[in-house]
Amino acid sequence: MAPHSPATDQIDTLLWVGFVAAAILVVAINVALIYAIRRYRGERGAAPRQVSGGRRLQFRVAAALTVFAAVVFVLGIVFTDRAQEAPATGPAGLVSETGEPLEIEATGQQWLWRYNYPNGAFSYYQLVVPVDTMVDLKLVSTDVIHNWNVPDLAGKHEAVPGKVNHVVFRAEEEGSFTGDAATLSGQGYAAMRTEVKVVSPEEYEAFIEQQKTDIETAQERVVGMIENGEVP
Amino acid sequence: MSDSRPELVVDGFPKRRPRWIELATSADHKDTGRILITGALGFLFIALVELLLMRLQLAIPENKFLTPVAFNRMLSLYGGTAIFFFALPLAIGLAYYVAPLQIGARGTALPRLGQIGVALWVLGAAVIYAGFMFTPSEAGANPLSPLSGLAFLSSNGVDAWATGVGMATLGFVLISIDLVTTVRNMRAPGMAWRRTPIFAWGATVGSWLMLVIGPVLLAALTMLMIDRNYDGIFFADGSGGAPLLWQHLSWIFFSGAYMLILIFAFGAIAEIVTAFSGKPLFNRSVVMASMGALAVLGTLAWMQNMLTAPIGIGWMYFAMLMSLALIVPFGLIVFNLIATMIGGVLQMRAPMLFAVGAISLISIGLAAELQQSLVAAAWDIKNTTDSTAATHFALVGGAVFGGFAALHYWFPKMTGRTMGEVLARFSFWTMLVGVLVTFVPMALAGYNEGQVIDAYKFYANAGVSAYNLIATIGAFGLAAGIVMTIVNAIQSRVGGPEAGHDPWGGDTLEWLTLSPPDPHNFDVLPDVRSERPMRDIRDAIANRTASAELPVRESQPVV
């Protein structure tokens, strides 16, 4: 993952916290194991001392482990909270009059993502968003559970039928970011990909207009064909 | 050692029927346990074949070796087989065989329950694999609703999966009732709870846990069957149902089962570490309490698997808290195991090797799970191959390495013969290298490149080709190592070196019985005066021999 949004910066930091904590545990346990095996291996004739425990030592170890777990827990909450903070639209972004985030609906369906933009335009596979703008992606599903996953821009979240899940993010630079759906959804699951194209606000509005005109033209053509009897 | 003791007048009653009929109709806990252990090792082999087929498909990008449908079928069967027909029955089978011997019981309290349990388990295995006759499930290792619903998978495969897994689970619940009752009521005189052998204690905690989580899965499977076959709406969105309900119920079971496997493994490992260090378990009461804590906290952490689902941030923090709290009991168990070794006289025989390997792999797996449970971090690495690797480190460590440690340790008790030491060592090192070469690259593919879980293919430009190729090669190494131990077990059953009744100098009462034990287990039972009854017996014999005035034969000079 290469972070390209405020939330993914926090996620990245928390990943490091987790990695360090995990590494401390793994190294401590395995070094102690290897030490014990190398040092006390073999039959030296004398029977070992039958030591069966020390209450004070145990208390200290338990306290150390508790503090360790508590520190990791607090860090987990701190960085998760930061990752959740709504990233306000910046100066370079698409400024709305109400200050509301740009709401886009992402519908998971076997095995394609459909994006519904606020003013009636829609697109499949490719999501186009303006740069430096707070985007509120409403995740819904029409069939099974899907998992929207573009790791460079935001955390992954499930689209569950009958529920609405939210991904809020702000892309910090223009570019194209891809992701694979991350919950098994049937045969076409591995091919269920998506691309987020981050563009300037002007390009975004032009895209929406273009998309709307294209859709209307296509619909008119279909209606015309039906009226002419070309489509039964 | 002689085969039978001199005071024994009757060696056994003549067998009336062929051996397999005796075995299938026996309510003896040892026969029931043997069916479970043998069957589990067989299903380990089958799970390996399924794993290798999937790894072959994932060896190169956009491979066409398996179709997506075939891959999803392998995935569903692998998940069901590895958990319900290998890991759980191996743990429960070993406990069902050994725990009654350890507590000095002449049988179990409710043997017919165990017999019905194992019969249900065998039937369940037949049902899930009968799915091959029509179409196996394609819903994945945990068949999430609504994908597992009739609308999306209309073949009977999901029904076969749910029925097979349900029968096996019901079997485990029945056996657990017997285990809990037996250890509760039939401990030898003087064996207070604090003196209960640590493996028998682990078996009790694990069985209680199964009594809690087993019915939850059975309820969920019943709802799934009603949804699929009788127009139910338990997991349908709208009309009062909820797809997330399946996730909650199934993850309660799977998280609990995960802990159950680790608890049984730690029980066996603790017996082995004490026996091969020549010391008592360090801080025994703390280890016992920690096992209980693993069961409670681990099961309460079920939502750790749902951190990307719409469940509300408070619940996610709760799951994170429970997962991180596991550090304390887990750390205490490992600390006390290592403290037991320190100052001991370690004999690195095969059981001890596997036990140490198990501790090491479980530590890697649980540390990786720690990272997976940090909420925001989970949004990045959940549902990637990093999650797969974390689970496999912990469960291959617990069920395969821990299970093999227990198998090597109690094999002499079950068969009267020791497993071949040379092949065991070869097997151990091959498996250890295999596990690392398989799951480290898999973890890195998920961690660095975000390769998603359960996918039947990946693309060449995703940057994960090398990781996947190495993982496939490693999987073959792991499989080779596991097959070596299975071959070793088959060979040693009749051809292994004779072990005698107490080959390791263990502290617990199962080593007082014959190898293999008589149907009634014990001719005589000692009063238990400490948590190391066999050591007390050996000391008493040694003291008496030392103090007795034995006639000394004068040595005659040879002319």
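A crossing is left-handed if the near helix is turned anticlockwise from the far one by less than a right angle, and right-handed if clockwise. The model is predicted: local features need pLDDT of at least 70, side-chain atom pairs pLDDT 80 or more, and totals for chains, interfaces and linings use all residues. Residues are numbered from 1 along each chain, chains are lettered from A in the order written, and side-chain values use heavy atoms, without hydrogens or water.

**View 1. Helices α3(B) and α5(B) cross left-handed.** Helices here are DSSP runs (H or I, at least four residues), and strands are E runs of at least two, numbered from the N terminus. The axes of α3 (residues 68–102) and α5 (residues 157–185) of chain B come within 11 Å and cross at roughly 15°. That makes α3(B) roughly parallel to α5(B) (angles under 35 degrees). Residues in contact (heavy atoms within 4.5 Å) include B:Phe84 and B:Leu88 of α3(B), and B:Trp161 and B:Phe172 of α5(B).

**View 2. Chain A meets chain B.** The contact takes 76 residues from chain A and 79 residues from chain B. About 6,600 Å² is buried between them, 69% of it on carbon and sulfur atoms (accessible area, 1.4 Å probe, lost on being put together and summed over both parts). A:Gln58, A:Lys156 and A:Leu184 lose the most area on the chain A side, together 10% of what that side buries.

**View 3. A cis peptide bond joins A:Gln110 to A:Trp111.** Its omega is near -5°. A:Trp111 sits in the loop between β1 (102–109) and β2 (112–116) of chain A.

Methods. Axes are lines fitted to C-alpha atoms, for helices over the stretch in contact, and angles run from 0 to 180 degrees between N-to-C directions. Angles under 35 degrees count as roughly parallel, over 145 as roughly antiparallel, 65 to 115 as roughly perpendicular and the rest as oblique. Buried area is the accessible area (1.4 Å probe) that two parts lose on being put together, summed over both.
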